[in-house]
Amino acid sequence: MAERMGFPTSIERVERLTPTLRRFVLRAQKQALPPVSPGSYATLEFGDGEKVYKNAYSIVMRSEDGLELTVIVRLAPQSRGGSRFLHEKGQPGLPVWIGSVANLFPIVKTARRHLLLSAGIGITPFLSYLKKMRSIGADYTLHHFCRPEERSAFDALLSEQDQTRVFVHTGLPSEVGLADWLRDESIATHVYFCGPEGFMKWVEETTHKLGFAPGKVHSEHFFVPEGGRPFEVILARSGRRVSVKADETLLEALELADVDAPCMCRGGACGACEVTVLGGQPDHRDHVLTEAERASGNIILTCVSRAKTDTLTLDL
């Protein structure tokens, strides 16, 4: 039997930040946890025996001895179970398996100035950024956007940061003048942003209109994959058929059928779960494929995308 890759941990502490935000500290049960860098995320596996959830969360902090990792989990209205399970049943002692740790959103070390833009739970990768940037004397500014009722929680999260460089807003980016602040930045500034889809789209469009070079605009898209019409997957190498329910992802259905399918971020951001499509029409929902790749219909990212046709034949 193949050895299971990853790190066994359990929940050490839970802190309620707001009605929709919980901070979880995970403690290693055996060896120290893998090294991380600002922007890293971990894929966590947990459950109650009836169902196993696999979700990716940004790592807010790794303890100096390497034995603890901290993540913040938001309870989204469209949660399909994982985040809701942690909010309702994630108590100290609950086993949590860390399957992988990776970084798709690193700090650009050669940048002369960094502008960080976040909204809601999108603050989490920047909590690790801020510690690093302050320690190396980097030139940076953070603008964070949140609902008025959550302001006190985010003020508390950022209370130990340099208050001349960190700003919390309860208005929309378009209302507080973010476009003007972006316009005033020099061409040497690198812009990083993370948050809900509406916020991401606004920043993408605004930085494009203002002429920021694509190589100086960095984002991290993590969202809850939405369900859709059920469909059936045909595995070309074995001829097996796997049903994908309306409320599960293609990747989840493959894993439930014990199919060895590649994956990493589970949020349509990294491309590691790319699989060749041999038949049927994909319903692309990722942030990785180019328009030409989407139009070809020859590949699909199984973690978020689905099918427009009743069946989809994959090279698996």
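In strand β14, Val 242 is the bridge partner of Val 233. This is a predicted model, and that contact belongs to strand β13, residues 231-235, which is joined to β14 by four bridges. The two strands run antiparallel. Elsewhere, the model holds one cavity of 30 Å³ or more and nine aromatic pairs.

**The five-stranded sheet**

- β13 and β14 belong to an open sheet of five strands.
- The strand order is β14-β13-β19-β15-β17.
- Pairing in this sheet is mixed.
- The edges are β14, residues 241-244, and β17, residues 299-301. Each of these edge strands pairs on one side only.
- Neighbouring strands are turned against each other by 40 degrees on average, direction ignored.

**Strand β2 and its partners**

- β2 spans residues 21-28. Six of its eight residues are buried, so the strand counts as mostly covered.
- On one pairing, β2 meets β1, residues 7-18. The two are antiparallel and share eight bridges.
- Arg 13 has Val 25 of β2 as its bridge partner.
- β1 and β2 make a hairpin, with two residues between them.
- β2 also pairs with β6, again in the antiparallel sense. Seven bridges connect β2 and β6.
- Leu 26 has Leu 69 of β6 as its bridge partner.
- In a regular strand, side chains alternate between the two faces of the sheet.

**The largest cavity**

- The largest cavity holds about 40 Å³ of space.
- Which elements give two or more residues to its lining? They are β2, β3 (residues 40-47) and β6 (residues 68-74).
- The lining includes Phe 24, Leu 26, Leu 44 and Phe 46. Val 71 and Val 73 are also among the lining residues.
- Ile 11, Leu 86 and Val 96 line the cavity too.

**Aromatic pairs**

- By the ring-centre rule, the count is nine aromatic pairs.
- The ring centres of Tyr 129 and Tyr 192 lie 5.5 Å apart. Their planes stand at 85 degrees, so this pair is edge-to-face; the cut-off for that class is over 60 degrees.
- Tyr 129 lies in helix α2, residues 124-135. Tyr 192 lies in strand β11, residues 189-194.
- Because of those positions, the pair ties together parts that are 63 residues apart in sequence.
- The rings of Phe 145 and Phe 199 have centres 5.8 Å apart. Their planes are at 45 degrees, so the pair is tilted.
- Phe 145 sits in strand β9, residues 140-145, and Phe 199 in helix α6, residues 197-209. This pair links distant parts of the chain, 54 residues apart.
- Phe 145 and Phe 199 are both buried.

**The aromatic cluster**

- Tyr 129 and Tyr 192 are part of one aromatic cluster. Phe 105 and Phe 126 complete the cluster.

How values were computed
Residues are numbered from 1 along each chain as its sequence is written. This is a predicted model: local features need pLDDT of at least 70, side-chain atom pairs count only at pLDDT 80 or more; totals for chains, interfaces and linings use all residues. Side-chain values use heavy atoms; hydrogens and water are left out. Two strands pair if DSSP finds at least two bridges between them. Axes are lines fitted to C-alpha atoms, for helices over the stretch in contact, and angles run from 0 to 180 degrees between N-to-C directions. On a 1 Å grid over the protein atoms alone, a cavity is a set of points where a 1.4 Å probe fits but cannot get out, and a pocket is an open set with protein on both sides within 12 Å along at least five of seven lines; lining residues have an atom within 4 Å of a point. Grid points are joined across faces, edges and corners, and a volume is the space filled by probe spheres set on the points. Buried means under 20% relative accessible area, exposed over 50%, partly exposed in between (1.4 Å probe, protein chains only). Rings of Phe, Tyr and Trp (its six-membered ring) pair if their centres lie within 6.5 Å; planes under 30 degrees apart count as stacked, over 60 as edge-to-face and the rest as tilted.
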